[in-house]
Amino acid sequence: MIIVLKKGCKKRTVESIIKKVEELGFKAHAIFGVERTVIGAVGDDRDKHLLYALEAIPCVEKLVPILQPYKLASKEIRREPTIVKVDGASFGGGHFGVIAGPCSVETEKQIVETAIRVKKAGARMLRGGAFKPRTSPYAFQGLEEEGLKLLARAREESGLPFVTEVINPEDVELVGEYADVLQIGARNVQNFSLLRRVGKFGKPIVLKRGMSTTIQEFLMSAEYVLSEGCKDVILCERGIRTFENATRNTLDISAVPVIHERSHLPIIIDPSHATGARNYVPPLCFAAMACGADGIMVEVHPDPQKALCDGPQSLTIEDFAVLMTHLRKLSKFNGKKL
Ligand code: PEP
Ligand code: MN
């Protein structure tokens, strides 16, 4: 239920309404928008009639039921786009955030060199896996805590914040101690205990769409994170599984306008995992910008042939610099801030 407050409602009054909502057994989420302040009351649908008692409070303008199954992720509760800001990187509301880096952290030289050079080319955030969710148990699984330390070193050297994946609920504290942004990978999009843990932790999240999750299921996963109090969720479309096998997955570019219609959350594109082939990465980055995406996440490696993971889809640093030059030109046409 959305509790719409009248203009000029005092902070003290907002707090007292939040208290009443909680006394009725709901979680209250205050959303201070430009146009209006609303309180989202989420909880057991069967008790929602109890909330109508709040209509009697003078500062309450009206109560509006949220029709979508996802509540806090929905456009119904917040019409303006959410802008997720992390140390110089912004996603949403006209900001096009660029995340670049290797699939996995391999050595100090590899990650530090990548960080410094992608920053110079225009990236605003570094990526790199320390805990890797691999299809095969025999494939490289990541450097784990050592990888997190190397990412922190790369941040120190380059000034770029970093995003890295967390796979297990038990590792959220450890990964969160180092990372600026926590990534939930495609394979964990419906790992609800992990979603709850990262939502409680409070750092911004990149949430990847699963290879077979519908947009509605994807937004329900975002809802798990938001319902624990985290407000900064960046959605990431990374390709879905279809009958087509010329590419690793099929980039569902239409997810961008669909999500923008339904949710205030930013949505970025990962063309590297979507295609599995570096040649297709730049054209899909252009498509992402042209169709209104809020950013991209691309895999970049100083020497893709030697990469321990996902070399064929990784751009060289030189390729990435060329891509950024083109994106800067394109951004002038559609008003995106890079
Ligand atoms: C990744 O970004 O490192 C990754 C494993 O991607 P996905 O979860 O989309 O497969
Ligand atoms: Mn990868």
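User: Which conventions apply here?

Analyst: This is a predicted model, in which local features need pLDDT of at least 70 and side-chain atom pairs count only at pLDDT 80 or more, while totals for chains, interfaces and linings use all residues. Residues are numbered from 1 along each chain as its sequence is written, chains are lettered from A and ligands numbered from 1 in the order in which they are written, and side-chain values use heavy atoms, with hydrogens and water left out.

User: How many helices and strands has the protein chain?

Analyst: Helices (H or I, at least four residues) and strands (E, at least two) are DSSP runs numbered from the N terminus. The protein chain has 10 helices and 14 strands.

User: What radius of gyration does the protein chain have?

Analyst: The radius is taken over C-alpha atoms, and the globule rule is 2.2 Å times the number of residues to the power 0.38. For 338 residues, a compact globule would come near 20 Å; the protein chain has 21 Å, which agrees. Its C-alpha trace spans about 65 × 45 × 45 Å along the principal axes.

User: Which domains are assigned?

Analyst: Domain bounds come from an automatic or database domain assignment. Here the assignment gives domain 1 (2-64) and domain 2 (84-334), with C-alpha centres 35 Å apart.

User: At what angle do α9 and α10 pack?

Analyst: Axes are lines fitted to C-alpha atoms, for helices over the stretch in contact, and angles run from 0 to 180 degrees between N-to-C directions. Helix α9 (residues 281-290) and helix α10 (residues 317-334) pack at about 20°, with axes 10 Å apart. That makes α9 roughly parallel to α10, since angles under 35 degrees count as roughly parallel, over 145 as roughly antiparallel, 65 to 115 as roughly perpendicular and the rest as oblique.

User: Which residues of α9 and α10 make the contact?

Analyst: Contact means heavy atoms within 4.5 Å. P282, C285, F286, M289 and A290 of α9 meet L323, H326, L327, L330, S331 and N334 of α10. These residues divide into 8 nonpolar, 3 polar and no charged, where Ala, Val, Leu, Ile, Met, Phe, Trp, Tyr, Cys and Pro count as nonpolar, Asp, Glu, Lys and Arg as charged, and the others, Gly among them, as polar.

User: How do the axes of α6 and α7 cross?

Analyst: The axes of α6 (residues 215-227) and α7 (residues 255-262) come within 11 Å and cross at roughly 55°. That makes α6 oblique to α7. I215, F218 and L219 in α6 meet A255, V258, I259 and R262 in α7, a contact of 6 nonpolar, no polar and 1 charged residues.

User: What are the angle and axis distance for α5 and α6?

Analyst: Helix α5 (residues 192-201) packs on α6 at about 40°, with their axes 7 Å apart. That makes α5 oblique to α6.
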